[in-house]
Amino acid sequence: MVGDILQQAGFEVVGEAETGTQAVEKYKQLRPDLVTMDIVMPDMGGIEAVREITKFDPGAKVLMCSAMGQQALVVEAIQAGAKDFVVKPFQPSRVLEAVQRVLG
Amino acid sequence: MLLFGVAGRLCACDLNAIREIVPARSTTRLPGAPAWVCGLLNLRGTLLTVVSLAVRFGEEDSAMRSIIVAEGEGRVFGIGVDGVRDVQSVAGDAFEDVDVQRSAGGIVRGLARVGSARDQLALVCDVDAIARQALAL
């Protein structure tokens, strides 16, 4: 879903991961400009994955994707090193605004 | 609010809680203290407990360059940070509507959008909560 919004806006999606562990591995392998990460993921959770990614690359730019009701976890994710967040259901304009903010 | 950096994160705290900012210097480690309590600092004859927010956020070490001398719960102590960035007034509607009750550690009381275009997200730290946890009040 987020991938579609980004692709339609002209961004290239270089990789996708189904679990937190995969996300960390793919980050190390692909070094993308931006990561969009679900807060809740199978295996290693999204927050733990952010922690691992920012430990590997302190300059990593991670945008958290949160569902309504997960706002408490958003603070934890930002504490873990995420740069910003968007709340589902995703509105393309909000997602792109957040992406631009994170990419600076 | 005072904006400062901690291990790549942008943080903020109430300016009224800040007394001064001094360059980081070596501290005397306190045996048995939690890892995020760096130790004691002799600041012009006054002993201050200094904490590392980076370690509190789960980082193993940090490039601590400044110590924010703050007052929380009536006690003066030092908060070690990477560097002080800015002082900005933050309007009430810049605070994100997030529930922080379950957030890690309880030293962050919210998120605020800061910067001239509100394009940066800052963790708003609670100086009283940091004092309570660091000084075991």
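A residue is counted as buried if 20 or more other C-beta atoms, placed from the backbone, lie within 10 Å of its own. By this criterion, 44% of the 137 residues of chain B are buried. The structure is a predicted model, in which local features need pLDDT of at least 70 and side-chain atom pairs count only at pLDDT 80 or more, whereas totals for chains, interfaces and linings use all residues. Residues are numbered from 1 along each chain as its sequence is written, while chains are lettered from A and ligands numbered from 1 in the order in which they are written.

Chain B contains 2 helices and 10 strands, where helices (H or I, at least four residues) and strands (E, at least two) are DSSP runs numbered from the N terminus. Along the sequence these elements follow the pattern β-β-β-β-β-α-β-β-β-β-β-α. The radius of gyration of chain B, 14 Å, is close to the 14 Å that the globule rule gives for 137 residues, so the chain is as compact as a globular protein of that length; the radius is taken over C-alpha atoms, and the rule is 2.2 Å times the number of residues to the power 0.38.

Two residues are in contact if their C-beta atoms, placed from the backbone, lie within 7 Å. Among the contacts in chain B with a separation of 6 or more, 53% come from residues 24 or more positions apart.

The contact between the chains takes 15 residues from chain A and 16 residues from chain B. On the side of chain A that touches chain B, the elements giving two or more residues are α3 (46-56) and α4 (71-80) of chain A, and α4(A) gives the most, with 8 residues.

Terms used: Buried ≥ 20, exposed ≤ 12 C-beta atoms within 10 Å, placed from the backbone.
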